[in-house]
Amino acid sequence: MSQEITRRVPIVPVRGSVVFPHTDTLLSFGRTKSVIAVNSAFQEDKVIAIFAQKDPRTADPGFDDLYNIGTIATITQMMSTEGEIHALVRGQARISLKEIIAQEPYLIGKVHEIAEEFSVTPEIKILSKKLQELFKKAINFGKQAEIMTVMRLVSSGVEPVEMSDQVAALLEIKPSEKQKILEETNVKKRLETVLDLLTKEVNALEIERTISSKTQKRFEDQMKKAMLREKKRTIEEELGEMSEEGEITNEEFKEYKTKIKNAGMPAEVKIRAEKELKRLSVMSPNNPEGGYIRNYLDWLTDMPWSNLTPNNVPMRKAAHILEDEHYGIEKAKERILEFLAVMKLKKTEKNKKSGDEGSHPTILCFIGPPGVGKTSIGRSIAKALNRKFVRVSLGGIRDEAEIRGHRRTYVGAMPGRIIQGIKNAGTRNPIFMLDEIDKVGADFRGDPSSALLEVLDPEQNKEFSDHYLEVPFDLSEVMFICTGNVLDTVPPALRDRMEVIAFPGYTEVEKFQIAKKFLWPKQIKDQGLGGRNIEITDAGLREVISSYTREAGVRNLERNLASICRKIARLVAEKKKFPRKVDISDVRKFLGSQRFSSQIADKKDEVGQSTGLGVTPVGGEIMFIEVSLMPGKGKLTLTGQLGDVMKESAKAAFTWTRAHYHDLGLKPNFAENIDVHIHVPEGAVPKDGPSAGVAITTALVSALTGIPVRRDVGMTGEVTLRGRVLEIGGLKEKSIAGHRAGLKTIIAPKENKKDIDEMPAVIKKDIKFVFAENVEDVLHTALRTWPKKIDKEVGKGFTPISRTLIATS
C-alpha cells in the first residue's frame with residue numbers, strides 16, 4: 001500500500017551516495033538546479049526528495065537518469081559557501097518517483113511514499129539483536145562511525161526498521177549495492193542482507209587487526225632484543241669481559257661454529273669464515289646485510305674443502321667398463337687408462353714418501369661431430385674412475401660471471417658454475433665436463449673463454465678465485481673434460497691448455513656394431529618391449545643405416561630404431577600380429593620410403609662430373625659443383641654462397657687452366673669466346689675453404705676438354721697457380737664420408753700421406769688412396785683419358801652443365 005503526497009516536492013539528484021531513512025547525512029550541492037531546489041525548500045517546508053543517479057557522469061539528469069526509489073528528507077541545517085551549499089538532511093521515508101512535473105528552475109516531481117512491510121515477530125527480533133551485537137563487534141575492531149550514531153544503535157530502544165537503515169548507511173559497499181538495500185521494503189529481508197554484508201566486513205576487520213597485532217608484537221620483540229643486546233655489549237665493554245662465547249647469541253651461531261669446525265677448511269678460509277660470523281653476531285637483526293652473510297657462510301661451509309672420492313677401481317675393471325659402454329673411440333679409451341695408470345703410480349709413490357706434492361689436473365678436449373659419444377663417454381669415465389660426474393653446458397654463455405661468479409655487492413649474487421658444480425658434486429675431485437666449449441660467446445659483460453684460462457691451467461687452478469667466495473679453492477684434483485664440434489672457434493690460448501682428442505665420424509661397420517650392441521637393446525627396453533625376444537636382422541639394420549640415415553654420429557640412427565620399436569609397441573598393445581625378427585621389408589614398412597641412396601651409384605662417367613670431399617661441424621660431407629660454359633668474353637661467375645677463400649680457389653683453378661692450355665689441348669685464345677659459371681648447389685648453405693681447388697680444376701678441365709671424369713674417384717686438396725697440390729686437414733673425416741658414398745678411390749695431397757695411419761681398417765681396405773703432388777697427378781687419376789690437342793674451337797659442341805662434388809676444409 002502507498003499514500004500519495006499531494007504537495008509539490010523538489011527533486012534533488014545526488015551522485016555517489018545513497019540517503020537512507022532514519023539517518024542524518026551531510027550533503028554538498030554544487031549544480032545550479034540542486035542549489036536552487038535546496039534553497040527554495042529550506043525557505044518553505046524544508047522537505048526535499050533525494051534520488052541517486054544511475055550514472056554519476058550525467059550533468060543534467062532527467063527522469064530516466066534517476067533510480068526509481070529514493071528518500072524523502074528534511075533539511076535540518078544548511079550552510080552556504082562560494083558556489084556550493086552544505087546541508088544536513090534527515091531521511092524520513094522511502095518514496096518512488098512517478099513523474100517529473102517541472103524541469104525549471106529546478107526539478108519538481110510527483111512521488112509516492114512506500115510503506116514498510118514489517119511486523120514484530122520473534123525472528124525479526126533475533127535478527128535485530130544479532131545485527132546490534134555484530135555492529136558492537138565491528139566498532140570494537142575499529143570501524144569508523146559518529147559517536148551519536150553508535151550510541152543510538154547500541155541502545156536497547158532502537159527499532160529494527162531504524163537499525164537496518166542506519167547500519168546499511170555505514171556499510172563500506174558500492175552505491176549500487178546500497179541502492180538495492182534501499183529498494184528492499186521487506187524489513188526481514190533487509191535485516192538479513194545487512195547482517196550478511198556486515199559479517200563480511202567484520203571478518204575483514206578481524207583479519208586486519210590480527211595482522212596488525214602480530215606485526216606490532218614482532219616489532220616490539222625486535223626492539224626489546226636490540227635494546228637488551230646493546231645493554232649487554234655495553235656492560236661487557238665496561239667490564240672488559242668480551243669473550244669468544246659472547247659472539248654466539250643463539251642456536252644459529254652455534255650451528256655455524258660447528259659447520260666451520262667440521263668443514264675441513266684451509267686456515268685462511270677458516271679465518272675468513274670466523275670473521276664473517278663475528279660480523280653477523282654483532283649485527284642488528286634489522287640490517288639487511290645479515291641475509292647476505294648467512295648465504296655466504298652457507299656456501300663456505302657447504303663446499304667440499306677436504307672431501308675426496310677414493311680411486312680404487314682396478315685397471316681391468318675400468319677397461320671393461322669403457323669397452324662395455326662404448327664401441328670404437330680407442331684413442332679416448334687409451335688416454336683414460338693411461339691417466340688411471342699414472343694416478344695409481346703416483347698414489348704408490350706418495351705412500352712411500354712423506355709429503356704431498358699434489359698432481360697436475362688432466363684436461364682433455366673431445367672434438368668431433370654431434371652424436372659420436374663425446375658427452376656420454378664422460379659419464380663412462382666417471383664410472384670407470386669411481387668418481388662423481390658434473391656436466392656444465394657452456395653453449396651461448398656470454399657473461400664472465402657465469403664462470404667466476406658475481407661479487408657479493410650485487411643483489412642476488414652467487415658463485416659461478418664451476419664452484420656450483422663442485423658443491424653439487426660434494427667432492428673436490430669429480431669428473432667435470434665443460435660441454436660445447438666451442439660455442440662460448442663474448443660481449444660487453446666480459447669474455448667467459450678468458451675466465452676459463454685460469455680454470456683449465458694446471459699452474460693456476462690450484463688457487464682458483466671465485467668472485468663470490470673471494471677465497472682460493474683448489475681445482476688441481478678435478479679432471480676436466482671439454483667437448484666441442486669444431487676447434488677453430490676455441491681461442492688459441494685456451495686450446496693450448498687442453499689435450500685434444502678427435503672423435504671422427506663412425507663408419508657404417510662401426511654404426512652397425514653400435515646399433516646391434518647398444519642402441520637396439522636400449523630402445524627395446526625404453527619402449528616397453530623387454531622380454532618379448534624381438535630382434536632385428538643384420539640386413540634390416542644395415543638397411544636402416546644406409547637408406548634412412550646420413551650422418552657422422554648415431555643420433556638419427558637411434559631415432560629411427562626408436563620409431564620402429566614404437567610401431568611394434570603399438571601392434572603389441574592392440575594385440576595384433578607383430579614381427580619377432582625385423583627384416584628389410586619390415587624396416588621399409590615401418591619407416592616408409594628410403595630417404596637416402598648412394599650418391600654415385602648407377603651413374604655413368606660424365607663430362608665435368610667429379611667427386612670432392614669436405615669437412616663440416618657435423619663431420620665429413622660431399623657437395624656438388626656445376627660448371628656451365630656459354631659463349632661470351634672470358635667472364636668467370638661464381639655462385640652458391642661461396643666464401644672468399646673458395647672464390648679465390650676457383651679463380652686460381654681458372655688461371656692454371658688458362659696458363660696450361662697447350663698441355664690440355666686447348667687453343668691459346670679459348671677463354672676469349674666463352675664465359676664460365678661455377679655454381680655450388682644448396683645455395684642456402686655457406687661454403688668456404690681452400691681444399692676445393694683440386695675439384696674445381698678437374699671440373700673445369702673436364703668441361704673444357706670434353707673428357708669424362710671417373711665417377712668413383714673423390715678428391716681434395718688446395719691448388720696453387722703453379723699447379724702444386726697443398727696439404728689439407730680432416731682427411732679422415734672426408735674419407736669416411738667418401739666411403740659412405742661408395743667411392744673406390746680418393747685423391748689427396750702427398751703431404752697428407754702420414755694421415756693414412758689413423759684411417760679405420762675398413763676404409764683402408766675398401767678405398768684406394770692416391771697421393772698427388774701436382775694437378776697433373778690428379779688429372780691422370782681422375783680423368784678417363786689424358787687431354788689431347790684438338791683442332792676445333794672450344795665453345796662449340798661443349799656440354800653446357802658439368803657437375804662436380806667438392807668439399808671445404
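**The nonpolar cores and their surroundings**

Guide: The largest nonpolar core has 52 residues, and those with the most contacts inside it are Phe 366, Ile 381, Met 479, Trp 520, Leu 561, Ile 564 and Ile 568. Helix H19, residues 555–573, gives the most to this core, with eight residues. The model is a predicted one, and side-chain atom pairs count only at pLDDT 80 or more. Leaving aside residues up to four places away in sequence, Ile 568 touches Leu 529, Ile 534, Phe 578, Val 582 and Phe 590. A second, separate core of 50 residues includes Trp 305, Ile 419, Leu 469 and Met 498.

Five strands make up an open sheet with parallel pairing, in the order E9-E10-E13-E8-E14. Strand E9 (389–393) and strand E14 (499–502) each have a single partner strand and stand at the edges, so one side of each is left without a neighbour in the sheet. On average, and with direction ignored, neighbouring strands of this sheet are turned by 20° against each other. Within the sheet, strand E8 (residues 363–367) runs parallel to strand E13 (residues 479–484), and five bridges join the two; Leu 364, for instance, has Ile 481 as its bridge partner in E13. Helix H12, residues 374–385, lies across E8, E9, strand E10 (431–435) and E13, and runs at about 175° to E10. Helix H14 (residues 417–425) also packs on the sheet, where it touches E9 and E10, and its direction makes about 145° with that of E10.

All six of the six residues of strand E4 (residues 47–52) are buried, so E4 is largely enclosed by the rest of the structure. Val 47, Ala 49 and Phe 51 point one way from E4, whereas Ile 48, Ile 50 and Ala 52 point the other way, and all are buried. Strand E2 (residues 9–14) runs parallel to E4 and is joined to it by four bridges, with Ile 11 standing opposite Ala 49. With strand E5 (residues 69–81), E4 pairs in the antiparallel sense, again over four bridges, and the partner of Val 47 in E5 is Thr 74.

Val 35 is found in helix H1, residues 32–43, and is buried, with a relative accessible area of 18%. Not counting residues up to four places away in sequence, Val 35 touches Phe 29, Gly 30 and Ile 85. The C-alpha atoms of Val 35 and Val 12 are separated by 8.9 Å, although these residues are 23 residues apart along the chain.

In H7, Phe 253, Tyr 256 and Ile 260 are buried, and they cover an arc of only 55° around the axis, which puts them on the same side of H7. The buried residues of H7 pack against helix H8 (267–281) and helix H9 (289–302), while the face turned away from that buried side carries the exposed residues Glu 251, Lys 261 and Asn 262. At 1.5 Å a residue, the twelve residues of H7 (residues 251–262) should span 16 Å, which agrees with the 17 Å between its end C-alpha atoms. After H7 comes Gly 264, whose phi is positive, near 70°.

Technical notes. Residues are numbered from 1 along each chain as its sequence is written. Side-chain values use heavy atoms; hydrogens and water are left out. Two strands pair if DSSP finds at least two bridges between them. Axes are lines fitted to C-alpha atoms, for helices over the stretch in contact, and angles run from 0 to 180 degrees between N-to-C directions. Contact means heavy atoms within 4.5 Å. The expected span of a helix is 1.5 Å times one less than its number of residues. Buried means under 20% relative accessible area, exposed over 50%, partly exposed in between (1.4 Å probe, protein chains only). The arc is that of the directions from the helix axis to the C-beta atoms. A nonpolar core is a set of buried Ala, Val, Leu, Ile, Met, Phe, Trp, Tyr and Cys residues joined through side-chain atoms within 4.5 Å.
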